[in-house]
Every structure is written in structure tokens, then in C-alpha cells.
Amino acid sequence: MRYVFPPAPPVSLPVAGSDASFPVRRVYCVGQNYADHAAEMGADGRNPPFFFSKPTDALVPGGGDVPFPPATSNLQHEVELVVALTGGGADVEPSRALEWVYGYAVGLDLTRRDLQLAAKEKGQPWDMGKGFDHSAPITAIQPVSSVGHPARGTIWLKVNGQPRQHGDLEQMSWKVAEVIAKLSTYVALAPGDLIFTGTPAGVSKIVRGDVLEAGVTGVGELTVRLI
Ligand code: MN
């Protein structure tokens, strides 16, 4: 194949305990999947899950130094459990959905909240609020063979050592299997797809120079410095 310019390099994530990498195809995210965060965003009840996407090359494997993004004065953190899939296709049965999970990671859904809220008000797309460069720092993937399918466990985030988010995976309104099944009614899931599964309450504004530490018990921890 002769290209008019060199194609972008493939995006992949390290796999804990392995020298093989997980090649990423697409990055999906669930909105408002913890009741306490839905409440702080002005929603109520156990609404059906809804989805948005981030560009695959928005991932920042391993975290570390992350450039503060342009065009915002209200950048916010959302710590999330991330599901890594080996496939699935369309219309996955909830009872079989976990068979398609390769492993789990911890990710940050960095959000330009001012742009997201303005888009919400006008009925415009969220892409520029959610899908910007470097908007998805993420740990290595822990394979199911080492960590199973974590259904409970602390999910937390600190800014400059101060606790900001603290929840438990069991608070997820829609469980991992339900999220996979519902998403597969909209798009065919394929090997390499990631799903960010939503964040608990406590999202807050962060600024250049802040150090974010985040984790999910049994899955991993991530450190990010905004530069
Ligand atoms: Mn999120």
C-alpha cells in the first residue's frame, strides 16, 4: 500500500504482567452511570445509559505529564473503570456480555465542562467538551485472568493529595454487562474497543500544575500532572 503520507501509528495499551500490548480500536464512554454524580449534574433516577465517544488517540497510556487543554476555563476530572473488549458484535445478551471482556483499567475522562455545558444547553454535540487531545489518561490493562470481573471496590481520585472523588463500583447504575449489552444495540462491538463506565460524585475544576492520583481497588492506579 502506498499512502499519500504515513498513516498514524496504531494506539495500544500495555497489559499488566505481559509483554503483549492491547491494540485499541474505539473508545466509548457512558454518561452519568452513578446516581450521586447524575444528581450533581442535575439529572435524576436510573435513566437508561447513554453513550459518547473519544478519539482513540486521545488516550494517554500510563498517565504522567498531560498538557492543559486549550479553550477551557473549567477542566474537570472524572475517574472511571474502563472495560477492554475482545469483541461482541451486535445485540450482545447481558448474560453473555462478560465473556467479551479481556480486562479492566482505570481511566480519566477529562472534560472541558464549560464547553460540555454550553453544548448541552444548545442541544449541540459534546465532542469538543469530551473528545479533545490527551483527554483520556489510562493505566495498563489488568486481564480478567488476574483480576476477574470487579463488581465492587473503591474508586477514588485525589487532587494535590486532597480527596475529591470516592465511591464504590457497586454504585454503578448500569453494571458492566448491562452497559456492554446496551451499547451493542447501537454499534457492533469489536476486538480492541474500550468502554469508560462512568464516574462517581465529586467532579471538580482542575488547573495547570495540579497533580491527580486516581485508582480502583484491585485494578490499578494512575498519576497525572497537568502541565
Ligand atoms: Mn465520564
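1. I would start with Ser173, which is buried because its relative accessible area is 14%, below the 20% limit that defines a buried residue. Ser173 sits in the loop between strand 14 (162–168) and helix 5 (176–183), and, once neighbours within four places in sequence are set aside, Ser173 is in contact with Asn33, Tyr34, Ala35, Arg46 and Glu178. Please keep in mind throughout that this is a predicted model.

2. His37, a residue of helix 1 (residues 35–40), is likewise described as buried, with a relative accessible area of 4%. Not counting residues up to four places away in sequence, His37 touches Gln32, Glu78, Arg113, Thr199, Pro200, Ala201 and Val203. His37 and Gln165, although 128 residues apart in sequence, have C-alpha atoms 9.9 Å apart in space.

3. One of the residues touched by His37 is Glu78, and Glu78 is also a donor to the manganese ion, which is coordinated by Glu78 (OE), Glu80 (OE) and Asp109 (OD) at 2.0 to 2.2 Å. The donor residues follow the spacing E-x1-E-x28-D in sequence. Glu80 in strand 8 (residues 79–85) and Asp109 in the loop between strand 9 (101–108) and strand 10 are 29 residues apart, so that this pair links distant parts of the chain. Both Glu80 and Asp109 are buried.

4. The largest nonpolar core has 41 residues, and those with the most contacts inside it are Val83, Leu108, Leu110, Ile180, Ile195, Leu212 and Leu226. Among the elements that give two or more residues to this core are strand 3 (27–31), strand 8, strand 9 and strand 13 (154–159), while helix 5 gives the most, with five residues. A second, separate core of 19 residues includes Leu13, Val27, Phe52 and Ala119.

5. Strand 7 (residues 75–76) and strand 16 pair in the antiparallel sense over two bridges, and they belong to an open sheet of three strands with the order 10-7-16 and antiparallel pairing. The edge strands of this sheet are strand 10 (111–112) and strand 16 (205–206), each of which pairs on one side only.

Note on methods:
Residues are numbered from 1 along each chain as its sequence is written. This is a predicted model: local features need pLDDT of at least 70, side-chain atom pairs count only at pLDDT 80 or more; totals for chains, interfaces and linings use all residues. Side-chain values use heavy atoms; hydrogens and water are left out. Two strands pair if DSSP finds at least two bridges between them. Helices (H or I, at least four residues) and strands (E, at least two) are DSSP runs, numbered from the N terminus. Buried means under 20% relative accessible area, exposed over 50%, partly exposed in between (1.4 Å probe, protein chains only). Contact means heavy atoms within 4.5 Å. Donors are N, O and S atoms within 2.8 Å of the metal (3.2 Å for Na, K and Ca); water is not among the atoms, so sites may look incomplete. A nonpolar core is a set of buried Ala, Val, Leu, Ile, Met, Phe, Trp, Tyr and Cys residues joined through side-chain atoms within 4.5 Å.
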